[in-house]
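Colleague: Could you take me through the pockets of this model, with the criteria behind each value?

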Amino acid sequence: MDVGAAFDLSGKTAAVTGAASGIGRSTAEALASAGANVLCGDINETGATETVALITEAGGKALAQRMDVTNKADVDAFVDRAVAEFGRLDVMANVAGVAADGRIAEATEDMLDRAIAINLKGVFFGCQAAVRVMQPQGSGSIINVSSSIIDAPAPAYGLYGMTKAAVAHLTMTLSREVGRYGIRVNTLAPGMTITEFTTRHVYEADGTVNQEKYDAFVNQMRKLSPLGLVGEPADQAYLIVFLASDAAKFCTGQIWRANGGQTTAW
Ligand SMILES: NC(=O)c1ccc[n+]([C@@H]2O[C@H](COP(=O)([O-])OP(=O)(O)OC[C@H]3O[C@@H](n4cnc5c(N)ncnc54)[C@H](O)[C@@H]3O)[C@@H](O)[C@H]2O)c1
């Protein structure tokens, strides 16, 4: 048994959406550290370029591309670029996503459309584009990012939760449709993980972080975990590396939960 070889991604190509920040950035760094060539996509081109710099400085190989996951042509072009630059597509990590706070009764149609466009249609387009390349190739691993909210509905998180539950269903159905082509499809359902996404709760109007609110927020999150931990982006990224690798060759159609046990308290 060679554990290093099972997790090794050398010579493989990965495309990561949402790679400018948080879990997407950490995922891109981790996949590159495991040996993959990584195309980093994000609507925030500056952030994606910074991620590439971090990977390159660490000795990895990566490129950045501005892309909007709500635009099918952008997503198709993103996957085509990965193939054009690196020759194939082995891993597609659909990480890009946004919060959609607000109670259902008061939510506007625009809020609903935005949540669906980014969190669901973005993943849907990413899956379609990846399968287009992976099916003739006869192999591939697709990882779609959902959320622990699907296990624990909460007031004011309904729009977000609906889109993330749909991502889990999309994943399960797709895994049944494309397994015969050697393509694995899995969902990652992260628990509370400190990123821009979570710290939105503690920003002041001028954009600075309110340290007192931040500490109180993190402590509250820690209390939800039997381990007393709040997630770091790398906690999600390592699970994605596993799902991307041959070590996970028997794993498909599943929801994977790196959440510190938070949902056991809900
Ligand atoms: N942080 C958490 O606690 C947590 C928990 C559960 C699920 N998630 C999910 O993890 C994923 C990553 O979130 P994060 O915490 O790293 O947040 P983040 O805000 O740090 O990163 C999200 C990234 O997505 C990008 N993005 C947004 N809209 C886009 C678009 N239309 N096209 C391309 N890129 C776009 C942003 O520019 C950003 O770089 C999201 O899908 C989120 O829903 C996060």
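Modeller: This is a predicted model, in which local features need pLDDT of at least 70 and side-chain atom pairs count only at pLDDT 80 or more, while totals for chains, interfaces and linings use all residues. Residues are numbered from 1 along each chain as its sequence is written, and side-chain values use heavy atoms, with hydrogens and water left out.

Colleague: How many nonpolar residues does the lining of the second largest pocket have?

Modeller: A pocket is an open set of points on a 1 Å grid over the protein atoms alone, where a 1.4 Å probe fits, with protein on both sides within 12 Å along at least five of seven lines, and lining residues have an atom within 4 Å of a point. Ala, Val, Leu, Ile, Met, Phe, Trp, Tyr, Cys and Pro count as nonpolar, Asp, Glu, Lys and Arg as charged, and the others, Gly among them, as polar. By these classes the lining of the second largest pocket has six polar and three charged residues, and its nonpolar residues number seven.

Colleague: Which helix gives the most to the lining of the second largest pocket?

Modeller: Helices are DSSP runs of H or I with at least four residues, numbered from the N terminus. With three residues in the lining of the second largest pocket, the one that gives the most is helix H9 (residues 233-244).

Colleague: What volume does the largest pocket have?

Modeller: Its lining has 24 nonpolar, 16 polar and six charged residues, and the largest share, four residues, comes from H8. Taking volume as the space filled by probe spheres set on the grid points, which are joined across faces, edges and corners, the largest pocket has about 1,100 Å³.

Note on methods. Helices (H or I, at least four residues) and strands (E, at least two) are DSSP runs, numbered from the N terminus.
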